[in-house]
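Open the model in your viewer and keep the selection panel at hand. The tour below moves from one selection to the next.

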Amino acid sequence: MNNQTNLTSPSLSKREEKRKLKEHKKEAQIQSGKRAKNFKNTMKLLLKRVGTYKTSIIIAVIFAIISSILVVIGPSILNELMQIIIPDGNGVLDYQTSTVVRYGLIILGIYLLASGLNYIQNLLISRMSIKVAKKMRTDISKKINKLPLSYFDKNSYGDVLSRVTNDIDIVASTLERTLSSIVTAVVMIIGIPIIMLTINWQLTLISLLQIPLSLTIVIIVVKNNQKHFIRQQKYLGEINGYIEEQYSAHNVIKAFNGEEKAQEEFEKINKKLQKTAHKAQFFSNIMHPIVNLISNLIYVLICLVGAYIAIQSNDPKFLATIGTFMTYTKLFNHPISQLGSISSNLQSTMAAAERVFEFLSETEQPLDDDKLTTIPVVKGKIEFKNVNFGYSKDKQIIYDFNFTALPGEKIAIVGQTGAGKTTMVNLLMRFYDITSGDILIDGISIKDMSRNYVRSLFGMVLQDTWLFEGSIKENLRFGKPDATDEELVNACKLANVDHFIHTEPKGYDMILNEDTSISAGQKQLLTIARAMVQNAPMLILDEATSSVDTRTEILIQSAMDRLTEGRTSFVIAHRLSTIKNADKIIVMQDGNIVETGNHKELLAKNGVYKELYTSQFETGENF
């Protein structure tokens, strides 16, 4: 029995290895097919964008063709000149100085005209590539505003930024270098052999040997190198995303001594990028020395064969032919090397363009501009009816949520982290659409109103103190561009930030940027003032005082009371001191309302709220 097992095991093992090898080859073929398909689709999309500028391209192509033809003709005219000035077999020179001068001027004129045309066509292509890049950036910018927030939950901001900057820059630079180079290379590869055939067919055949040899190398490298460029762009996006994340949390990393761990993770991603980039660049760069080697071998062969023909024919003037062919051989090497460089650049470009078009093809949030339902007079009654929601199908967060906020009520929402507090506000603002159920404002479903209109009904102050680079006035007017200076000042007085602004040299014209030294509390006060300027009929404060010190909190509490007076407002707060005077307090747990009432009623129940209240004031913890 053991012998039989020993005899059959190797056979089974070999069969298993063959099966795995076959599966691996099949998978490689599938991936290769996908890459080829993606390459073609990406190329079509890119050509479609480039085709928008047909006039510039046609003019540039015509100039490139004429310039290339002139460059190809130059050595043949030089050959005619050398034929004149080289003595014949008897050592006799038969030429006039005027003839030599005429040929010299013709050659000079040819190269000057070729340079001028080449400059113009490069300028046209450069402008076109810049316009293509600008349009792609504009499209991405518009796309960002059309994507649902769920996209950014799954993808890092750094990766998106990488597509806007690195990937589009690669596409633009390649278009600038490649389009005219392709035309020039094709014209020269066709034109040079034709001119050489008119001079000497034997040396032409030798020179043409480098075409199949060089193109074989280019095709092999291009075929196997695309996957490395795709991975290179992917890892570049990853590393940009990681760096963006680390810089935004730099203080936290320092505070927890996490530099070493952060560096290890960076090195891990960086090593992947380095390996992939090394492979991509190695195989791309190996083409040039091989093509140059082939060209140099052909160059030597032409010299030897040309010298042999000159000796056998006893024709000194054939030396001019050899010199011309040596010039053409070197000139012929240029477009072949260009094709290798172009193929390498195209690989990198297609990988970058694929990432851009992949982003542009992401599913957009459905348009709802046709929903013209509005509320004639906003009272502020908000109803949640049997609301269910999950960020994904397998992860539900809100379960059969029911609640009614009456006009003018101040509603506080409390609960442990992950209870669903912010999610409820996100649904109310239509940042996400509910899975089932309905949300009504004054009896009208928010599904029947456009997202822009729903959001215009709410003033919002977030935990993150977002301010853009610009003056304080510009930041305050963000929600209401036509607000007067008087409205700005009144809002800032209510938010107790007017005094701080007047202590600054430029007051309301002070520019806020990275170099501006203002505290987190002052930033939060400005965002609160911004909400006051907007003067929306309803208000949402999502942990608005979480980054404000106790003294500042006291200053803004009275302002908040004035702001919320007569407005339905939702307050998500960590500090219970900010919600004691709320009309209703909702206590949430695992996506459900577990308790409802005012501060005194909830304390009397000795339930979840009492437990949270006690834990905060006994341990100093926030929730």
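**Setting up.** This is a predicted model, in which local features need pLDDT of at least 70, side-chain atom pairs count only at pLDDT 80 or more, and totals for chains, interfaces and linings use all residues. Residues are numbered from 1 along each chain as its sequence is written, and side-chain values use heavy atoms, with hydrogens and water left out.

**Whole chain.** Colour by secondary structure. The chain has 20 helices and 12 strands. These are DSSP runs numbered from the N terminus: helices are H or I with at least four residues, strands are E with at least two. Of the 623 residues, 42% are buried. Buried means under 20% relative accessible area, exposed means over 50%, and partly exposed lies in between (1.4 Å probe, protein chains only). Now consider contacts, meaning heavy atoms within 4.5 Å. Among those between residues at least 6 apart in sequence, 79% join residues at least 24 apart.

**Helix H1.** Select residues 2-50, then pick Asn41, which lies in this helix. Asn41 counts as partly exposed because its relative accessibility is 34%.

**H2 against H5.** Show residues 54-85 and 157-199. The axes of these helices come within 9 Å and cross at roughly 25°. H2 is therefore roughly parallel to H5. Axes are lines fitted to C-alpha atoms, for helices over the stretch in contact, with angles from 0 to 180 degrees between N-to-C directions. Angles under 35 degrees count as roughly parallel, over 145 as roughly antiparallel, 65 to 115 as roughly perpendicular and the rest as oblique. Contact residues include Val61, Ile65 and Val72 of H2, and Val187, Ile192 and Ile195 of H5. By class, the contact has 12 nonpolar, five polar and no charged residues. Ala, Val, Leu, Ile, Met, Phe, Trp, Tyr, Cys and Pro count as nonpolar, Asp, Glu, Lys and Arg as charged, and the others, Gly among them, as polar.

**The cores.** Which residues have the most contacts inside the largest nonpolar core? Select Ile472, Val497, Ile501, Ile579, Ile585 and Tyr609, out of 38 core residues. Helix H17 (residues 520-534) gives the largest share, seven residues. A nonpolar core is a set of buried Ala, Val, Leu, Ile, Met, Phe, Trp, Tyr and Cys residues joined through side-chain atoms within 4.5 Å. Centre on Ile501. Beyond neighbours within four places in sequence, Ile501 contacts Ile472, Cys492, Gly507, Tyr508 and Leu526. A second, separate core has 34 residues, including Phe401, Ala405, Ile572 and Ile586.

Select residues 421-428. Seven of the eight residues of H12 are buried, Lys421 and Asn426 among them. After H12 comes Arg430, with a positive phi near 60°. Next, pick Gln365, in the loop between helix H11 (318-360) and strand E1 (382-392). Gln365 is buried, at 17% relative accessible area. Leaving out residues up to four places away in sequence, Gln365 touches Lys146, Pro148, Arg430, Phe431 and Arg451.
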